[in-house]
Amino acid sequence: MQRLAVIVVFAFNGATLGSWAPRTPALSEQIGVGPGPFGLALLGASVGMLLSATISGRLVERVGARAVILGSSLAVCLVLPLVGSAQSVPWLAAALFGLGAASGALDVSMNIAGVAVERTLGRPTMPLFHAWFSFGALAGSGGAALAAGNGLSPTRHLLVAALIGALMVAVVVRALPGVAPRTERSVERPAGGVPLVRRPALWLLAAIALCSAIAEGASSDWSALLLVTEQGASEGAAALAYAGFSLAMAFARLAGSWTQARFGAVRLLTAGAACAGTGVVTAALVGIPAVSYAGFVLAGAGLAACFPVALGLAGEAGKRPDNSGGEREVAFVTAIAYTGFLAGPPVIGGIAHVTSLSISFVVVGLVAAVIAPAALAAKRFVERERVARDSSHVLR
């Protein structure tokens, strides 16, 4: 039942993103501003998520994943209609900051809950949870398209989405992982109490999540423009590139848990990096839309497991002897990954301005390929931490 409850929360979080993001044209028209001011307002969500992620791990450590999931989910449902009813840039920026902060806390706490379920079951489940995030986002975007097609205002649409989301969470909240009991052993810090910023394993896992976030963000924000401006595709046809990327990622995540159990996390990450890098570079250099579609599908499949597996490994790196812990480690990796979503798109745009969008995607492909050596190095450092932790317990 815990696994199903966490699946519902992941789907809810994805549906929230999928509900409001496609309504940005209507929100821009509602506010009456151009792309420049509107883009500044959109930064509010990213800043809110980044700030929230940095403190959510400690919060979950104190009160438990269930309490933070409940509180952040309710906050999402309260703020979502405020986004839809925005009438000015400051109003929208403030609402999106609140939504981003709530979503960031929800993102961290639901991943910590996912790690807890993974430990209970004794097998990989994080890719499966993230698959349902992807399906939730697809469902939310489908609902947004339906609402827009029927002339429903963002205010009414997002109010309905918030009510449905609140009902989803209310049904499963009691089944979510709760607070671990505090014992003398549970307060022991992993890795001998070494601060997070001095643990190379966590930085390498964060690098995996960061590279995955940059590649995913570039594919969502720039793939259609690449096909239109440099490969001669129509806008409608170009939109299929990201649709294929998203669907490939979602379905590959469904198989990701089995693949990780069968071949191991490191092999899954290195193979995924090779697929993602090859797919993105092929899409950029061949210059034929049909080939680019296939390239982005390959990239989506390759990146599918990278982010969830990195978070799962971060949770394991923070595990205490009593099987609790990992909250701060998951939050640390998540916060660094968010910088990829925040800084990646403008950096790619800057490279494209100096060179071309094709060259930008070659750089993205190289960034994705970095996941492979980072995974291999992370494995060595995680093993060193485990040996050091086991040795310290023997000495005691």
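The model is predicted, so local features need pLDDT of at least 70 and side-chain atom pairs pLDDT 80 or more, while totals for chains, interfaces and linings use all residues. Numbering runs from 1 along each chain as its sequence is written, and side-chain values use heavy atoms, without hydrogens and water.

The largest pocket holds about 2100 Å³ of space. A pocket here is an open set of points on a 1 Å grid over the protein atoms alone, where a 1.4 Å probe fits, with protein on both sides within 12 Å along at least five of seven lines; lining residues have an atom within 4 Å of a point. The volume is that filled by probe spheres set on the points, which are joined across faces, edges and corners. Its lining has 48 residues, and L17, A21, S220, D221 and Y242 lie nearest the centre. Helix 9 contributes the most, eight residues.

The largest nonpolar core comprises 108 residues, with V83, I208 and F361 having the most contacts inside it. Such a core is a set of buried Ala, Val, Leu, Ile, Met, Phe, Trp, Tyr and Cys residues joined through side-chain atoms within 4.5 Å. Helix 5 supplies the most to this core, 13 residues.

S109 belongs to helix 5, residues 89–121 (helices are DSSP runs of H or I, at least four residues, numbered from the N terminus). Why does S109 count as buried? Its relative accessible area is 0%, and buried means under 20% with a 1.4 Å probe, protein chains only. Beyond four places in sequence, S109 touches V60, A65, V68, I69 and S72, contact being heavy atoms within 4.5 Å.

Terms used. Helices (H or I, at least four residues) and strands (E, at least two) are DSSP runs, numbered from the N terminus. Buried means under 20% relative accessible area, exposed over 50%, partly exposed in between (1.4 Å probe, protein chains only).
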